[in-house]
Structures are given as structure tokens and as C-alpha cells.
Amino acid sequence: MPLHDRIIPYLERAGLYHLARLNSHWFWLDEPLVSAFVERWRPETHTFHMPFGECTVTLQDVAFQLGLPVDGEAVSGCLGEFETYIEGGRPAWEWFQDLFGELPPPNKVKQMTVHFTWFHERFSVLPPDANEETVRIYARAYIIMLLSTQLFGDKSANRVHIRWLPFLANLDEMGRYSWGSAALAWLYRCMCRVANRNVTNLAGPLQLLQSWIFWRFPSLRPSGFDYFSFPLASRWAAYLPPNDGKEQKVISYRLALDRMSARDILWEPYSAVDVLPVVHPEILTEEHSRIWRVVTSLIYFAVIEWHQVDRVVPQLGGVQHIPEDALNVDWLHAKDGRGGDRWFPHYYRDWHLHWGSRVDAGYSDT
């Protein structure tokens with residue numbers, strides 16, 4: 001959807017402006033490359049097991065690659081029974097009509113979701129004489145599409161869930177949430193599903209994963225992409241992988257990963273002298289950077305994953321020590337919110353408390 005100038009202030013206050021700027025820079029996914037990495041994903045540690053040790057996508061990567069805030073409140077709540085769990089919450093479709101000014105036609109609605117095309121057809125062109133309330137409606141439409149497509153896409157690939165209504169009801173408060181940790185939780189969960197079950201379609205913020213691979217493994221990145229700006233995932237904007245011989249390419253990538261040594265990974269790509277000058281200063285503030293080191297829960301509604309960053313200390317400039325035993329979260333992988341709505345901050349209270357005490361959960365690299 002077009003990024004109208006008048007909705008930019010709302011995106012900035014929500015902490016989503018950098019992500020929105022990536023909309024014109026998204027690149028095609030190299031499916032064989034991503035598949036070869038996901039084969040090395042271990043759900044028990046949330047790391048890729050490589051010949052030279054472990055590595056993974058961390059909150060630091062989310063901050064640099066997507067420009068998302070990683071500190072803040074957990075992105076949680078309920079999935080649709082707003083009038084039951086939220087003070088001031090209305091029945092879902094009444095609230096939807098209040099926030100968007102109208103309801104989608106019945107053929108665009110399925111349970112608690114709306115088809116993407118309705119938002120595109122209705123909110124793509126902001127009228128030049130729009131008043132501020134109309135601008136807010138268009139900002140809500142842009143944000144709900146941004147979250148549903150770029151961060152929290154699922155296998156349906158064409159529907160928007162209305163779980164976001166409580167966030168959209170107060171645009172000025174959206175900036176207090178940790179969108180980065182929620183996005184990482186969803187990426188982890190999607191990879192865990194593929195690793196644990198007979199699942200063939202990988203969902204989630206896969207551009208984050210692919211950009212992470214390109215930045216950290218120079219031998220796997222495409223040539224000719226030397227210019228970059230912030231967020232760093234924009235570096236690969238024009239990347240278009242070949243679309244033939246996918247099975248053979250998977251085999252080739254597997255072999256390349258089998259042969260890798262510690263010399264083939266850039267443990268600290270963001271400390272390069274040409275990287276730091278382009279990074280937005282807010283990403284480097286202490287309240288964000290200290291969260292990169294925490295071993296804690298990652299929360300996205302009913303999705304709870306574990307940030308096992310003490311297993312990849314060299315990625316943050318430290319010397320690897322013996323990490324804590326991996327936390328057994330297997331039973332959580334079976335939880336996805338289906339089977340009855342709940343107020344997840346209460347249902348998963350202990351995990352929310354972990355996130356609430358995140359500042360005290362940093363590892364020691366001494």
C-alpha cells in the first residue's frame with residue numbers, strides 16, 4: 001500500500017516507520033537457501049547447528065535489519081473477544097466499524113479475518129482533502145496491513161486478522177510495544193513448526209531471515225550489493241534469485257553449509273566502520289541495546305519462544321562460555337491460540353513475568 005506522507009507521523013509514533021520504509025525494498029526469497037538453513041534449526045535451542053557451532057537470529061539482528069524497537073511491552077492480549085477481556089472493548093465487528101468507518105462486505109470476511117484485497121481497494125488512495133480523522137483511518141489500514149504481511153504473515157498469505165483492533169484504537173500508544181521481540185517470536189515459531197512437524201510451507205518474516213544470512217555469511221550473499229542504508233535489510237532490494245533447479249540448489253546449499261568453518265561467518269557484521277554511520281541513533285540507545293543480551297521469553301499473543309542468546313555470545317562480541325541448559329518449551333509449541341480465546345497475559349503469566357524482568361536477565365560474557 002502507498003506510504004502517504006500524512007500517515008508517516010503515526011508510523012513514527014508507533015515505532016513502525018523504518019519497517020514501512022522497507023516496503024519499497026522487499027526482495028524475493030531464495031527458497032532453497034532458506035530451506036537449507038531451516039533444516040539446521042533446532043527447536044530445543046532456537047539456534048542453527050552448524051559445523052563450527054551455533055548461531056541464530058537475535059533481537060540485535062531484528063533491530064538492525066528491520067529497524068524495529070525491541071524494548072517495550074509484550075505484544076499480547078486476546079484474539080477477538082474484546083468486550084470480554086478489555087476494558088472499553090467492544091464486540092469485534094462493532095469496533096472494526098468504529099475504527100475503519102465501515103464494514104467489509106460479507107464475501108471479504110472469514111471468521112475473524114478480512115481479505116487483503118478489501119484494504120487495498122478501499123484504502124490505497126488517501127483523498128487530497130482528507131481531514132485528520134480520515135488520515136487516522138488510513139493510518140490504521142496501513143498499519144494492520146504492514147503487521148499482517150511484513151511481520152506476522154501466516155500460511156493463508158491473503159488475510160488480515162482483526163486481533164490488532166485494540167492496538168489500532170490508540171495509535172499514540174503503539175510505540176510502547178516491543179514489535180521486534182514479537183516478530184522474532186513468530187519467526188522462531190514458524191521455523192520450529194517446520195522442524196517438528198510435517199509442515200512444508202514456511203511463514204513468518206522470512207526477509208529478516210534471508211537478510212540475516214546474507215549479512216553474516218559473505219560466501220552466500222549475491223554479488224554487487226555493496227550499497228546499503230537503514231534498515232539494513234534494504235541492502236538486497238533488487239535481489240532476484242534464479243527460479244529454476246530448486247532441488248539441485250538445495251543440495252548445493254546443504255553441501256556449502258556442511259563445509260563451513262568459523263572463518264565463514266561474520267560474528268559482528270554491525271560493528272564495521274561503514275555500518276554504524278547509517279544506523280538510526282534510536283536503535284543504539286541503551287534501553288534497546290541492553291535487551292540484545294537478555295535470555296528471556298519472546299511473546300506474540302499465544303506464541304511463546306525463548307531467546308537463547310547465551311548460546312551465541314560471539315555474535316555480540318563476547319567469548320562463548322558454557323550456556324545454561326536449553327529450556328524445554330516443547331509443550332508451548334502446541335499452543336497457538338486455537339481452541340478458545342483467552343487473555344494471554346494472564347494465561348501465560350509466568351512467561352510475561354520473564355519478559356517483564358528482562359533487564360535483569362542478561363548473560364555474562366566474562
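The structure holds 1 cavity of 30 Å³ or more, where a cavity is a set of points, on a 1 Å grid over the protein atoms alone, at which a 1.4 Å probe fits but cannot get out. This is a predicted model, in which local features need pLDDT of at least 70 and side-chain atom pairs count only at pLDDT 80 or more, while totals for chains, interfaces and linings use all residues. Residues are numbered from 1 along each chain as its sequence is written, and side-chain values use heavy atoms, with hydrogens and water left out.

The largest cavity has a volume of about 30 Å³, a volume being the space filled by probe spheres set on the grid points, which are joined across faces, edges and corners. Its lining consists of Met 1, Pro 2, His 4, Ile 7, Phe 123, Tyr 138 and Tyr 142, lining residues being those with an atom within 4 Å of a point. By class, this lining divides into 6 nonpolar, 1 polar and no charged residues; Ala, Val, Leu, Ile, Met, Phe, Trp, Tyr, Cys and Pro count as nonpolar, Asp, Glu, Lys and Arg as charged, and the others, Gly among them, as polar.

His 4, one of the lining residues, sits in the segment before helix 1 (8-14). Its relative accessibility is 18%, so His 4 counts as buried (buried is under 20% relative accessible area, exposed over 50%, partly exposed in between, with a 1.4 Å probe and protein chains only). Beyond its neighbours within four places in sequence, His 4 is in contact, meaning heavy atoms within 4.5 Å, with Ser 124, Val 125 and Leu 126.

A pocket, by contrast, is an open set with protein on both sides within 12 Å along at least five of seven lines.

### Strand pairs

Helices (H or I, at least four residues) and strands (E, at least two) are DSSP runs, numbered from the N terminus, and two strands pair if DSSP finds at least two bridges between them.

| Strands | Bridges |
|---|---|
| Strand 1 (residues 41-42) and strand 2 (residues 47-50) | 2 bridges |
| Strand 2 and strand 3 (residues 53-55) | 3 bridges |
| Strand 7 (residues 296-300) and strand 8 | 5 bridges |

Trp 41 stands opposite Phe 48 in strand 2, and the hairpin of strand 1 and strand 2 has 4 residues between the strands, with His 46 at a positive phi near 55°. Strand 2 is joined to strand 3 by a hairpin through 2 residues, and His 49 stands opposite Glu 54 in strand 3.

In the pair of strand 7 and strand 8, Tyr 300 stands opposite Val 303, while Phe 301, in a hairpin with 2 residues between the strands, takes a positive phi near 55°. Because 5 of the 5 residues of strand 8 (residues 303-307) are buried, this strand is largely enclosed by the rest of the structure. Val 303, Glu 305 and His 307 point one way from strand 8, and Ile 304 and Trp 306 point the other way.

### Helix 10

Helix 10 (residues 179-196) has 18 residues, which at 1.5 Å a residue should span 26 Å, and its end C-alpha atoms are 26 Å apart, in agreement; the expected span is 1.5 Å times one less than the number of residues. Since 14 of the 18 residues are buried, helix 10 is largely enclosed by the rest of the structure.

Gly 180 lies in helix 10 and is buried, with a relative accessible area of 0%. Not counting residues up to four places away in sequence, Gly 180 touches Leu 59, Val 62, Leu 68, Pro 69 and Val 70.
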